[in-house]
Amino acid sequence: MNKRIRALLCVLLSCITIFGSLTVANAATGGGNTIMPLASDYFDSTQASLSALGSGKVRIEIEVVATEKMAKVGVASIVLWEKKPGETSATIAKTYVWGNTDNMTTLNSAGHYLKLTYCGIAGAQYHASVSYYAQTYSGSSDTLSYVTKSVTAY
Amino acid sequence: MPEITIWRDNPKSYPVLERMTLEELNCLLGQEMSALNSEPDVAYMSAIIEVMDKKEADTADGLRVDTEAALHEFHEDYQGKPSMCFSEAACETESSHLFQFQKSKPRNNSAGVRVLRNMAAMLAVVLILGGTASAFGVNLFQAVASWSNETFHFVFGQEQEHLDEPQADPFPDLRMAVAQETDCVVVPTYAPVQLQLTDINITERSDGTSILTTYASVRGDVTFRVQIYDTQPLQDSMIYQRDMNETRTYQVGDVEYILMSNNERCRAVWLNENVECCIQGHFTFEELEQMIDSI
């Protein structure tokens, strides 16, 4: 009888542990109600800007500084939006991600700087959605999104 | 004189003699044999000898130990094999040797099993937690290893005593790098803890030069970024992460220093002419002000 009670308690304890872990993990990942943090344990400061260079060219310049030395720091993705003259809405002109762009991140550093040039259309308006990325040596990571101001290519 | 064996085959009871020790019996036998005046009492002497023989035999039995059986049992217990005795009673009857050791053996085995069972349960819980955390992208084991790495350090000699002490001129490399770009003095000459340069990156930007240095300290990493703009920055300068706590301003001369916190870290940001600076780490506002005063 004692053994049965003990076995039952063990099963009960295991269930509580598993479901408790799932609850905590769900809460940690947002659980559908994501709260945007104001502060960051990963990012210290960021900067992203677009500037027109002439001949329809647009330069994207990004700098990200982490709070400490990171295993990987940089940019996860850049989505460049284009609104051609006469159009009312912007469309995606180019997407830069790790797979198709070099030097998106730096290893073992507290900061990263990235400069890209896009050959666009003179008269079109451009803005970029930037997703900064930082990964600690423990493997945990964070991203931070930012949308730049618009610039008109000439 | 009667044979001793006859006495042994027909044992008799000698309560008085049996209460005596071997030494006393020996002494008594000697007295009886040395009694020259009277004829020796053979029956009495035989009785003494019989009792002495019996006592010697008992003593020899008491001292005899079955060494082979004891060695066998020792090996069984030492290697963790299950004992051949299935009950305490059986153990008692089978082995008169090492009686006390055998009586305590079942208790030791059950304690060992209990400890092993508890360890297995703990291991299972740790694995379940690790697996669950891993499913959500958190490497628990690596996090623990990282925490250990950050918490525990090997520090040799007298360095340990000075790591938490203020450091004079902690940024000579940064000062030299900034001096090559501008005459503006922006680098402090004081830090509340010992800082060790781990990284320096100088980047040529479209609007100037950016110098980012990283330092290791007992309080964690410290970053110091200096950006020298070609012209006075108007827009798109750095966006600094900060928490809900109030920012504080600290005025020194014409320069306004903005102090803000970002979770557990504090930061000082200032713009002196065309040079934008930011230092952040595990400092207090007061320590940041002391650093600013040393510029």
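Trainee: How many residue pairs are in polar contact across the interface of chain B and chain A?

Mentor: In this predicted model, the rule finds 16 residue pairs in polar contact across that interface, both residues being at pLDDT 80 or more. Several elements of chain B each supply at least two residues of the side that touches chain A, among them helix 7 (99-135), helix 8 (140-151) and strand 9 (265-272). Strand 3 of chain B gives the largest share of that side, six residues.

Trainee: What makes B:Arg267 and A:Asp44 a salt bridge?

Mentor: Their closest N and O atoms are 2.7 Å apart. The limit for a side-chain nitrogen of Arg and a carboxyl oxygen of Asp is 4 Å, and therefore the pair qualifies. Across the interface of chain B and chain A, the rule finds four salt bridges.

Trainee: What area do chain B and chain A bury between them, and how many residues are in contact?

Mentor: The two chains bury about 3,300 Å², with 50% of it on carbon and sulfur atoms. In contact are 42 residues of chain B and 38 residues of chain A.

Trainee: Which residues are buried in helix 3 of chain B?

Mentor: B:Leu25, B:Leu28, B:Leu29 and B:Glu32 are buried there. They cover an arc of only 100° around the axis, which puts them on the same side of helix 3 of chain B. An α-helix has 3.6 residues a turn, so residues three or four places apart point the same way.

Trainee: How does the reach of helix 3 of chain B compare with the expected span?

Mentor: Helix 3 (residues 22-33) has 12 residues and reaches 16 Å from its first C-alpha to its last, close to the 16 Å expected at 1.5 Å a residue.

Notes:
Residues numbered from 1 in each chain as written. Chains lettered and ligands numbered in written order. Predicted model: local features only at pLDDT ≥ 70, side-chain atom pairs only at ≥ 80, totals over all residues. Heavy atoms only, no water. Helix = DSSP H or I, 4+ residues; strand = E, 2+ residues; numbered from the N terminus. Expected span 1.5 Å × (residues − 1). Buried < 20%, exposed > 50% of the residue type's maximum accessible area, 1.4 Å probe, protein only. Arc of directions from axis to C-beta. Contact = heavy atoms within 4.5 Å. Buried area = accessible area lost by both parts, 1.4 Å probe. Polar contact = N/O pair within 3.5 Å; in protein donor to acceptor, adjacent residues only side chain to side chain.
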